[in-house]
Amino acid sequence: MHKILILFLIPIFSIAQIFNQKIPDSLAQKANAVILQDLKKIEILQVDKMLETTHREVMVYNKQGLDYIDANVYYDKSVSIQKLEIKILDFLGREIKTIKKKDMKDYSASGSSTFMSDNRILVLDYTPTSYPFTVVIDYVKTDRNTAFIPSWRPIRAYNIGIVKNEFILENSSGIDLNLKEINFENYPQIKFEKENNKVTYSLSNFAPLIREELAPYFWNFAPYVKFGLKHFYLEGVEGDADNWDVFGKWVNTKLLNDVEDLPEDTKLKIVELVKETNDPIEKAKIVYHYMQNKTRYISVQLGIGGWKPMLAEDVDKLGYGDCKALSNYTKSLLEVAGVPSYYTIIYAGQEKEDIEKELVSLQGTHAILTIPNGDEYLFLECTSQTDPFNYQGKFTDDRQALIIKEEGAEIIHTNSFKDEENKQLTSADITIDDKGNIKVKTTIRSFGNQFEKYHYLEGASRDKQDEYYKYKWGHINNLFFESIKLNIDKNKIEIAEDVSFSAQNYADVYPAEIILCPNVLNRETYIPKRYRNRKMPFSIERGYYDADELLIAIPQGYDIESLPDNFKETSIFGDYEISFEKLNEKAIRYKRKFLLKRGDYTPEQYDSFRKFLEKIVKADNIKILIKKK
Amino acid sequence: MKQIIYVLTLLLSVSSIAQNHELGEVTKEELLEKKHPIDSSAVAAILYQKGETSFEFNQTEGFFIVTEVETKIKIYKKEGLDWANFSINAYENGSTREIVDFSKCITYNLEQGKIVKTKLKSDGEFKEKRNKYYVEYKIAMPNVQEGAIIEFKYRFKSPFISNLFDWEFQKEIPVNYSEYLTKIPEYLVYNTYYKGWVSPKLETEQRDRTFSGRYNQMVNGQGGFRSENGNFSFTCKEQFKKYYLENVSALKDEGYVDNINNYRVTILHELVSTQYPNEMIKSYATTWEDVAKNIYNHEDFGGQLKKDEFYKDELATLLQGKTTKEDKVVAIFNFVKENMNWNDYHSFFSESGIKKAFKDKKGNVGDVNLLLISMLKSEGINANPVLVSTKSNGIALFPSRNAFNYVICAIESDNGDITLLDATDKYSQPNIIPIKCLNWYGRLVRDDGSSTTINLIPNNKSLKNYTMMFDIQPDGVINGKVREQNFDYFVYLFNKRKGDLSEEKMIESKEKLTKDSDIDNYKFNISNDNIIMETYDFSNANLVEQISGKLYFNPLLFLKTEENPFKQEERVYPVDFTFPNQYKYNIMIKIPEGYEVESYPESLNLAMENNLGSFSFNIKVNGNMIQIASSEDINQAIVPAQNYQILKTFYGSLVDKQNEKIVLKRKI
């Protein structure tokens with residue numbers, strides 16, 4: 001113990017040296033902050049003792065850099081902070097302030113989405129008087145929980161330069177350690193050493209990354225290492241992770257085993273509800289709706305409750321729970337109905353993150369429920385009171401998840417909609433008068449993840465719906481809605497919006513002609529930024545398909561003389577097509593189809609993607625001219 | 001006699017209302033109700049809420065406040081389930097603290113035609129320490145389903161007698177009935193204030209109240225100190241005031257609102273004075289003058305202004321060669337602004353003392369601006385503090401310290417002109433104080449403690465001036481030059497937006513604002529009189545439409561207003577433009593050889609009623625040159641809601657005009 005402290009005290013004495021060395025321009029250019037040193041040592045001493053020693057020196061260049069000082073120390077009941085000291089140095093390296101643990105602000109770490117938790121956070125409260133300045137952070141903390149070992153993430157954000165980052169993990173517990181390196185392929189400069197029970201990672205002299213539009217999610221390209229112990233401790237419980245099956249059994253016996261009982265009358269109710277059908281999927285649907293109507297989502301994370309679901313019985317009684325509790329509750333209900341399902345651990349969020357198959361350990365941030373159905377799986381989001389049954393939302397789509405079975409655990413991939421399934425079909429009758437005013441009657445049917453707009457529209461008041469459409473069609477001024485009708489079919493996962501409106505002065509009226517843009521309802525306006533030298537790859541995370549068919553009736557006394565040429569653009573990014581057709585003397589049919597494909601692309605392809613969208617934006621703005629007789 | 005009958009009938013009618021408002025009385029009809037009878041879009045509604053504030057007394061604490069609140073809520077839709085969670089903050093300062101106790105928390109559901117009750121147990125009650133001063137008490141009601149009714153009661157005990165409950169009659173959901181009863185002993189005097197569009201009904205009554213209990217005290221008698229126990233009892237008059245309202249509509253959220261809480265129907269109390277038996281009357285703030293004086297007399301406020309020794313040397317150096325008053329003011333203001341760093345904390349009081357703040361080069365608003373005032377004063381300049389309430393602090397209804405949360409500096413000239421200074425914001429200038437301060441009135445406090453109200457919202461229009469010259473090529477490409485001049489608040493906004501942005505980023509944002517034009521020679525500079533001028537050249541091939549050999553374009557190009565910002569049909573709250581403003585456009589267009597103007601938008605002059613603002617658009621065609629002079633004026637920072645339609649129509653016409661196009665055709 002003493003040894004370590006001495007080891008890590010040395011750098012503090014050498015701070016002054018750092019200032020004598022000039023930070024290379026390449027690291028400081030465009031940097032909001034530069035990490036002079038970030039030395040972390042994790043020592044796993046025994047199954048329930050992990051020591052974390054951190055020494056970090058951050059030179060902050062400007063206000064945006066303040067976010068990367070990272071002087072926040074999280075703790076809970078299993079953590080004891082032995083030492084915490086922060087020094088502030090001015091630009092010459094002179095110490096101007098020392099901050100001790102007692103000077104830190106102590107806050108609850110429950111965010112707005114958590115109702116109750118016992119996590120706390122110590123926050124540095126410091127107002128800089130000039131830039132640059134340097135913050136030196138030293139802390140030592142002991143955690144009894146070894147289920148989560150801090151991962152190594154040398155590059156944490158854009159615009160941060162790194163002089164030196166070193167991470168040592170020393171495992172003297174005698175327990176085997178697993179690790180998984182992620183996104184290392186693009187960072188050959190990372191150094192790795194291993195001796196006996198010690199691994200060392202380091203990254204030095206790393207120039208800041210600069211964000212570019214449409215860049216992939218940060219953690220899809222930034223390097224990091226995750227660790228896991230084969231035998232670990234979590235809030236009073238020991239666990240095993242030799243392989244996924246052993247781990248799965250542990251989850252089953254220690255976290256899920258004693259939480260599944262339901263009251264007798266609830267069981268009877270479920271049996272009664274599902275007796276009409278033999279189809280397990282129909283049964284599951286009934287049970288899911290029962291759960292949705294009975295419960296609401298409240299996040300309570302206390303002690304082992306951060307990982308172990310609360311009793312199904314309690315959820316039944318209280319009518320609420322967090323993701324774990326509601327998934328486990330639904331699982332218990334399904335069991336009564338005779339439908340097998342698996343408790344499933346996953347990383348949630350629109351930014352996709354996988355459970356790492358090669359790293360057997362406690363991972364994930366969310367729980368859902370998986371129902372096997374022949375060769376496929378259905379996934380149930382149990383925290384939503386309104387999601388359709390088996391609706392694969394963006395929150396958990398297209399990623400690796402861990403399902404917990406009786407006999408073990410297994411990694412599977414969640415579903416995702418194909419580009420063509422994220423569909424929006426628009427049809428409309430449009431009448432234009434000789435003042436340029438239009439009347440529109442449209443029906444918009446949406447599927448796949450374009451269905452997700454129902455989240456907002458379903459519960460919204462008429463005022464809010466009005467507002468929604470006024471922003472959706474912001475390019476049309478003076479909108480007035482005659483009627484808005486929604487038809488949400490959660491069985492088919494389809495929303496139909498029937499909207500009628502009028503708008504004054506939509507078209508430009510001239511003495512001899514009227515000019516209008518026939519694409520009234522669905523205009524692409526986004527053109528990605530131009531880069532002279534694009535460096536990052538880019539991703540289209542989710543694709544979609546829009547098809548529009550509009551019938552436009554022109555006013556009395558006007559003629560359709562000529563129409564613009566039809567236009568078609570095909571590329572690896574998708575297909576676009578518009579057509580103009582004179583139906584008769586009084587009417588024009590305008591058709592538009594646009595398929596955008598999901599995909600990951602190279603920096604070199606960026607420019608052609610930009611051109612593709614540029615053409616579409618331009619084509620969406622093509623006008624037609626009708627002549628006065 | 002007549003009077004008595006009147007009172008009696010009143011009481012009777014109230015008690016008949018009251019009968020419908022008891023916890024534990026839930027009917028099937030209420031549970032079956034599918035939507036709110038008045039507001040069908042309501043996700044939930046407060047069926048009733050009843051509060052009662054009274055005083056208790058004990059020997060150790062003296063008088064303290066006990067408020068009991070009963071709430072009954074109907075959940076109509078799943079989106080309303082959040083109303084089944086409730087939390088309240090309790091303040092604590094050392095050993096003095098507020099305490100909350102929940103009771104009678106029950107959920108009612110209708111299951112197979114039967115009313116089913118579920119009680120909240122201790123596992124649904126939580127207490128969390130948020131930070132040093134606040135503990136959050138919360139409950140999550142059990143078994144709440146769509147259609148359920150929940151009710152709960154809590155008791156809020158507080159030793160802080162100057163803060164009576166702020167009773168909100170209006171919530172984000174409809175309130176069917178809300179009642180607040182105060183029982184205040186004659187020893188304490190409070191003023192009552194209302195805000196919002198409607199005032200509650202009121203009934204009053206006086207009764208006798210006896211306070212009794214046990215006491216324990218040390219008595220110095222024979223044989224030294226001994227403890228003596230006994231009973232105490234005293235009787236006084238108590239004032240009962242019952243405020244109530246029925247059918248209060250939900251508080252609506254709208255854009256361009258300064259602070260929604262300024263409009264919420266609420267009742268507030270102000271402690272005026274206390275006079276306990278055998279004691280002198282002790283008065284608390286009663287007038288704005290007194291509030292200002294009290295604040296001024298505080299060591300952390302007026303006390304700071306007298307300290308001037310510690311900066312003598314720096315000041316002498318700073319003012320070397322500066323002889324006029326104006327030069328000195330500018331030098332001192334810039335010195336404080338540049339040297340002092342605001343730590344993001346509000347308060348008119350100096351947190352660390354201006355001396356320490358000066359040494360550390362940082363402090364809260366009080367530290368920075370009181371230092372500024374002190375320095376100005378030490379040079380004989382007539383500078384004084386102005387107490388301010390920021391927008392987020394809202395508008396106070398009655399005089400109290402809490403009405404203010406900020407202080408700035410005012411310099412009064414001999415002819416009575418006032419210059420406002422705020423040194424906490426690096427972009428602030430004389431009379432250009434941060435936007436958050438443009439709220440309500442400020443209170444200027446002079447050395448003798450006397451004070452006066454001053455206007456914070458600027459009367460002068462801030463000006464933004466565009467000069468643009470461009471020519472159109474036959475192929476539709478436009479090349480041109482733009483000069484943008486920013487004055488006053490537009491300078492402030494420019495600087496805020498610019499922040500630490502690099503020139504590259506500035507050009508990028510200009511490209512976005514000019515519909516992806518190629519921008520060249522981008523420059524900006526700040527003149528001595530604080531005018532920011534931006535100039536740039538642009539080129540864009542997508543601003544002209546070519547249809548059947550004609551060219552169509554908007555003469556304002558990318559400067560036009562695309563959409564009417566006022567989209568709602570109706571409006572409840574005033575529209576806050578922040579400051580009065582004027583946009584001016586001078587545009588010179590050269591059309592290509594071989595083309596002539598076929599049609600162009602007609603000139604237009606519009607003025608809004610009540611002198612709210614005006615719009616003019618004048619166009620002249622002269623051979624191959626087109627000249628446009630246009631201006632938009634908003635004359636008042638805040639436009640009342642009843643003028644909303646005028647505003648909406650005005651912007652509708654303005655946007656239509658700006659979207660009209662010039663048509664060029666080939667000369668024959």
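Author: **A pair of helices in chain B**

In chain B, the axes of helix α6 (residues 325-339) and helix α8 (residues 365-378) come within 10 Å and cross at roughly 155 degrees. Helices here are DSSP runs of H or I with at least four residues, strands are runs of E with at least two, and both are numbered from the N terminus. An axis is a line fitted to C-alpha atoms, for helices over the stretch in contact, and angles run from 0 to 180 degrees between N-to-C directions.

The model is predicted: local features need pLDDT of at least 70, side-chain atom pairs count only at pLDDT 80 or more, and totals for chains, interfaces and linings use all residues. Residues are numbered from 1 along each chain as its sequence is written, while chains are lettered from A and ligands numbered from 1 in the order in which they are written.

Because of the crossing angle, α6(B) and α8(B) are roughly antiparallel to each other (angles over 145 degrees count as such). The crossing of α6(B) past α8(B) is right-handed, meaning that the near helix is turned clockwise from the far one by less than a right angle.

On α6(B), the residues Val329(B), Ile332(B), Phe333(B) and Val336(B) meet Val368(B), Leu371(B), Leu372(B), Met375(B) and Leu376(B) of α8(B). Contact requires C-beta atoms, placed from the backbone, to lie within 7 Å. By class, this contact has nine nonpolar, no polar and no charged residues. Ala, Val, Leu, Ile, Met, Phe, Trp, Tyr, Cys and Pro count as nonpolar, Asp, Glu, Lys and Arg as charged, and the others, Gly among them, as polar.

The side of chain B that touches chain A has another make-up: 11 nonpolar, 13 polar and 19 charged residues. That contact takes 43 residues from chain B and 39 residues from chain A.

Conventions
Two residues are in contact if their C-beta atoms, placed from the backbone, lie within 7 Å. Angles under 35 degrees count as roughly parallel, over 145 as roughly antiparallel, 65 to 115 as roughly perpendicular and the rest as oblique.
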